[in-house]
Amino acid sequence: MTHAFSDHFPLPVDDTAAEKKLSDFIRLCLDRGLTNGEKLLAEARHKELLKAILANSPYLSTLATRNPDFLLRVLESSPGDCLTDLEKELKDLTPDDMDTDTLKKMFRQFKARVALLAAWADLSGQWPLFKVTETLSWFAESTLKVAVEHLLAKAVAAGDLQAGGDDSSTPSANSGYTILGMGKLGGRELNYSSDIDLIVLYDQDIVRYTGRKSAKDLFIKITRNLVNFMQERTADGYIFRTDLRLRPDPGAMPVAISMEAAETYYQSMGLNWERAAMIKARPLAGDIQAGQDFLGRIRGFVWRKHLDYAALEDIYAIKKLIHKHHKHGDIALAGQDIKLGPGGIREIEFYAQIHQLISGGREPALRIAPTCAALNVLVEEDHLDQEDNNVLQAAYVYFRTLEHRLQMINDDQTHSIPERAEDIFRIARFMGFETVGDFEKETISHLEKVHALFDELLKDSRQTPEAAGDQELQFPSGDNRSPETLEILAENGFENPGGAYDIIQNWLLGRYRACRTERARKILKGLVPHILEAFSQSDSPDAVLRRFDDFLSKLPSGVQLFAFINAHPWLLELLTEIMVSAPSLSEQLARRPLLLDAVLTPEFFEAFPEREELEESLSILLATARDYQDVLDITRKWTNEQKFQVGVQILRNVIDVKMSGLLLTRIAEVVVERMLQEVTKEFSRKHGCIDGGSFCVVAMGKLGGYELTTTSDLDLVFIYNCKGPGGFSDGKKSLSVNHYYARLSQNIINALTALTGEGKLFDVDMRLRPSGNAGPIAVNLETFCEYQEGKAWTWEHMALTRARVIACDRELGDKVNAAIHNILTHRNRDQDNLLFEVAKMRSRMRKEFDTDNVWAVKHTQGGLVDIEFICQYLLLSRATEKPEILDTNILNFLKKASGAGIIDDEKAEILSRATEMMQTIQLLLRLCMGSASKSENKPAALVKILLQRTETGTLGELEEKIAAAQHSVYEIYQEIIETPAANMLPPAPVTPLGNPVDQN
């Protein structure tokens, strides 16, 4: 999007004086033999613009009179063509053949031409703002590169450095010495008379120092010479004023810092304003690769893994300090600082940086340096609406244009509108306004709009002084409780105000780790009224407060979470609901409180993303991973957030049991498939690949049936195939085929189960593989088929009814799915043996897990296991004739079996309703209590949820309803399996497919 503040053309402050100066300039051109000057300046637009320049800007007037030939070249061709010529001239430069003084003189003369070119292209409207700033940035960067190469070459020639690169003409290659461009230079947004902000670093591990002192001494000397090269004023002027104060601890650190010292500083002491500064950091001279590696190593400092609302308070504090230091008052025209004042450039930059610091760790798309580009990305990522973006973008272009006009007058590094009336009139005319009134109206309008948006952002995030709580609560230390506070607690529904008072007082006295810093206690104190208000809405405020107190007691730190809630107070409602209803979820939050990050995504309470969207979101995050450990941590954080989202959606009744199973399964599938890719890639670096080999992961159990709960483990089987017999992998550490896939499988299990700083992904159960725990961890396809056809027990074929491939080489996956289908539809299945073995297996399980607790909905008589056995028996007995009934999901199978006439509609309906009810109860108990069998000590809020989901009046009625459903299920189980099996003679032992069992 192109923004322009107006189509105003610069106007001279004094027409008479402008005409005279134009006449003098034309005479100068003629005196120097530039006969084309009079003709070029006869063109109206050229003439009027030069009059405005000569009348308004002493600096540009000086540049024009010193370089009239160059200015006429610009008029005769175009700014673009002249820039191309300058770029070529600079590229063809051979600095090795020049001494330092010659180079300094040449670049100062270059600067004069670039400044004149940029000014003319800017004032004439031939270049948009961003082309102007990019050109100024290009010249600064090019100068630094040449200067650094020149100074390093001198060090090599003096015997202080050994050339690091293969090409001796580029001594910076592998030198370890790098220049980071910061601020507007880093973002390629340099303004007309800008300083350049630099951080100078060197990597001690790369530097090849050969002098008599130390690399530190050498690089400090080189850096000082570089600053002198850039900013020393000579008869030819200067190149750029250079500022090194953005480096770590500038009062104590030298001008060139070792990367090790800088890393230590940022990781241990770095402040949020330094994080904001690093958003624009860019290596632009010296050893570029070393600079990029350094930025990679401190990426975790700049881009936090979690949403960082504590940073917002720091940004606000910085803004207040700027206003205090510069004594900015209300918005006005005279003396207004359009950079640092209210509504100015800095507030627009902060608007982008606030979002970048808060969310950039989670959303890599936000990691972009230029301000306007960052604002556009905020729109794309739904952090900013387009209308507000238009306001900020238009204001930014207007202010930067005004900033350039102010600086073009005398080449001053100024951002303030003058205070004298005649000077204000000059800048108004230079901006192309006929009157000061028009100029004032346009300027004030932009300032007010930006300041309103910035203020609104801070208010939305509760970071303004007005955000203090409505109730003034006091918690003095000692035994003298505040009567007023006790009264407020009682008014908020606390039955034991004294107990509540003591709990909160403990927080504010810093008795927990989360509350030990002054900053954490300050934010928490402001939150207390809102916490009490939220808790007062529950049935038992005292109980919720105690749970919240327990939650706080387990937090490792508090500032981030408190700032997060402070920014979004509505989260207290969600926290209250979790504390009241789901102790297990609150335990998860206590271990990882920043799981709440995910709540702020727009779709959190809406429909869950499709698998493709999940894959894309995980891939975007993993693109930022630096190594394999990073992959594991990022995947765990992502997975825990997705599971937490599903958990909250279950709690809030956004999704039912069937949808939750599908969603949790979808998450697991994405993770397993991605871990297979990442582990295989990592594994192959050491062990290579198997020629013609392929590998797949088969899901069993609840994962295979799309019925995962929030606490489910993953039942997996690993199968591989290799075209040729024997053979070895082609890596440095070669492995045989069997050994290769066994090790690969174990690495996949480790990737899923290993406990890192971000927790673990899933527990994995491998007992359903061929031969169970006694069998190999991975089997080849041929062995798998032979085992299932000739050696498997009936329970293994029952388990196979829920098997499906979830991650694989496509060709192998098709073969495995076909093998499973063939086994389940085998025509030689011994029906008597099947019935007898199913009944015997259920009888064994009942003895082992016998319970009369109706809440133990899995193993109790008439529970979910009985339903599974009914479905698995019917599928195995009838799939030969009706393969269309095959389905790994219980509810889907019952629907298909009923449609195929395998079970009558009434029985299918009874089993389906019972399945849905018991799975719902199991899901809620596991989500909220961590166990599906606890029948006592359920929180009242959980009981309320159970009653709502099962459409029941009381807990007693619900238990009767569960018992009735289980009785009906057991009757059907008896009719279909137990009674017929009891009435038959035990068949000879055979495998499910009729093969005799080897009794040995």
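A residue is called buried when its relative accessible area is under 20%, exposed when it is over 50%, and partly exposed in between, with a 1.4 Å probe and protein chains only. By that criterion, buried residues make up 57% of the 1000 residues in the protein. The model is predicted, and local features need pLDDT of at least 70, side-chain atom pairs count only at pLDDT 80 or more, and totals for chains, interfaces and linings use all residues. Residues are numbered from 1 along each chain as its sequence is written, and side-chain values use heavy atoms, with hydrogens and water left out.

The protein has 41 helices and ten strands, which are DSSP runs numbered from the N terminus (helices H or I, at least four residues; strands E, at least two). Its C-alpha trace spans about 125 × 80 × 60 Å along the principal axes. Where contact means heavy atoms within 4.5 Å, 74% of the contacts between residues at least 6 apart in sequence join residues at least 24 apart.

| Helix | Residues |
|---|---|
| α29 | residues 628-651 |
| α30 | residues 657-687 |

The expected span of a helix is 1.5 Å times one less than its number of residues, so the 31 residues of α30 should span 45 Å, which agrees with the 43 Å between its end C-alpha atoms.

In α29 lies D633, which is buried, with a relative accessible area of 13%. Leaving aside neighbours within four places in sequence, D633 is in contact with K305, T756, G757 and E758.
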